[in-house]
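Please open the model in your viewer and keep the sequence beside it, ready to select residues by number. The tour goes from one stop to the next, and each stop begins with something to select.

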Amino acid sequence: MSEISFIKMSLFSLFLVLLLSIHVVSTTARTTANFNSLAGDANSIPPKEYLVRYWTEQITSSPAIPPLLTSKVSPLTAAETTLFAQLVAKGAISDRLSSFCREARLLCFPASPHYPVSYSVDNSATTRAGGMHVNRGLEPGKYFRESMLRSGNMIRMPDLLVKAPKRSFLPRRISSGLPFSTSKLAELKQIFHAGDDSNMEKIMMRTLSQCEQAPIQGETKRCVSSVEGMIDFATSILGHDIQLHSTESVEGSKREILIGRVKRLDGSKSSAPVACHETIFPYMVYYCHTFPTLRIYEADILDPVSKAKINHGIALCHMDTSIWSPNHEAFLALGSSPGRIEACHWVFGDYGVWTGAN
């Protein structure tokens, strides 16, 4: 073989190798791009737009995202999300706390220095043995028996307006980089400029402690700090054919109402409904949990005089109260003791319940 022929053959072989390499690289790139498409979306589009895509990917039963979730999505732009995520990764977010709190719509002090630490919603902590009652007042209608939830009954409706501070979820890119444990409280205090024994320290400590408590018998629980996290927990329990329910409005608050059509909502064939309620933290955090003994009802709420529908309510009934504290306000209101009765309450404010789609 001549030297020229050898060179031509070598060049041809090299050309084939280059073509093969290009094919492998392009194929790998396409596969990786497809696999990480949602992750790429999270990096390049605003959180609200990303939620639409995530919801469409994960929820098979409904094309519409419930207002309860859309109202909590981060208002940050894609560029702001990237900037704050980088600052969190560098440990420098504390230096930009003012703009971080303002742009991300967070609860930060001293922007709200006098906000009371006593804020509480009806949550899982109040159903635990030992009980936790920040507000000892027995509001009429807050708790009722399952038998009272019947069409044609007149009952007292509690105040459905929850005076909670306005906050948003953080994009998962940001929240996943922030500490979230009682062991990291000192770091959290530094990030959010919380002084020793301050209201902010107490707020963070209470939520972190509640999230770290071991599940009680029959409970499955998780604290979530993003809309995607809530969707992930609900689908892990109930599957992807699910719905989120919440009471429509505050109409009927603090007065007698007439119960209209009532329907029990099932969780799924194998799992109980998933109840999620907000807790107080600088950014939105939800405590989500499920019990096999929960029963969920939806009911039309009517004006007792005109019989016109004024609201559509979701009620949750705890059928097993045997591990509740004897001093739980439900027993004080209904005149009973642990394990002897069920206790029901309306789901309102930022409380939502996931069930299997009907």
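Is the link of C101 and C108 left-handed or right-handed? Select both cysteines and look along the bond between their sulfur atoms: with -75 degrees about the S-S bond, the link is left-handed.

Before going further, note that this is a predicted model, in which local features need pLDDT of at least 70 and side-chain atom pairs count only at pLDDT 80 or more, while totals for chains, interfaces and linings use all residues. Residues are numbered from 1 along each chain as its sequence is written, and side-chain values use heavy atoms, with hydrogens and water left out.

**First stop: the link of C101 and C108**

The sulfur atoms of C101 and C108 lie 1.9 Å apart and form a disulfide, a term that here stands for a pair of cysteine sulfur atoms within 2.5 Å. Both C101 and C108 are buried, where buried means under 20% relative accessible area, exposed means over 50% and partly exposed lies in between, with a 1.4 Å probe and protein chains only.

**Second stop: helix α6**

Now select residues 97-104, which make up helix α6; helices (H or I, at least four residues) and strands (E, at least two) are DSSP runs, numbered from the N terminus. The buried residues of this helix are L97, S99, F100, C101 and A104, and among the elements that cover them are α5 (78-90), α7 (172-175) and α8 (185-191). Step just past the end of α6 to R105, which takes a positive phi of about 55 degrees.

Select C276 and C288, whose sulfur atoms are 2.1 Å apart in a disulfide. This pair links distant parts of the chain, since C276 belongs to strand β5 (residues 274-279) and C288 to strand β6 (residues 285-290), twelve residues apart. Their link is right-handed, with 115 degrees about the S-S bond, and both cysteines are buried.

Select residues 309-318 for strand β8 and residues 343-347 for strand β9. The two strands pair in the antiparallel sense over five bridges, pairing being counted if DSSP finds at least two bridges between two strands. Across this pairing A315 stands opposite W346 in β9, and five of the five residues of β9 are buried.

Finally, select C317 and C344, which form a disulfide with sulfur atoms 2.0 Å apart. It joins β8, which holds C317, to β9, which holds C344, over 27 residues. The torsion about the S-S bond is about 105 degrees, so this disulfide is right-handed.

Methods. Contact = heavy atoms within 4.5 Å.
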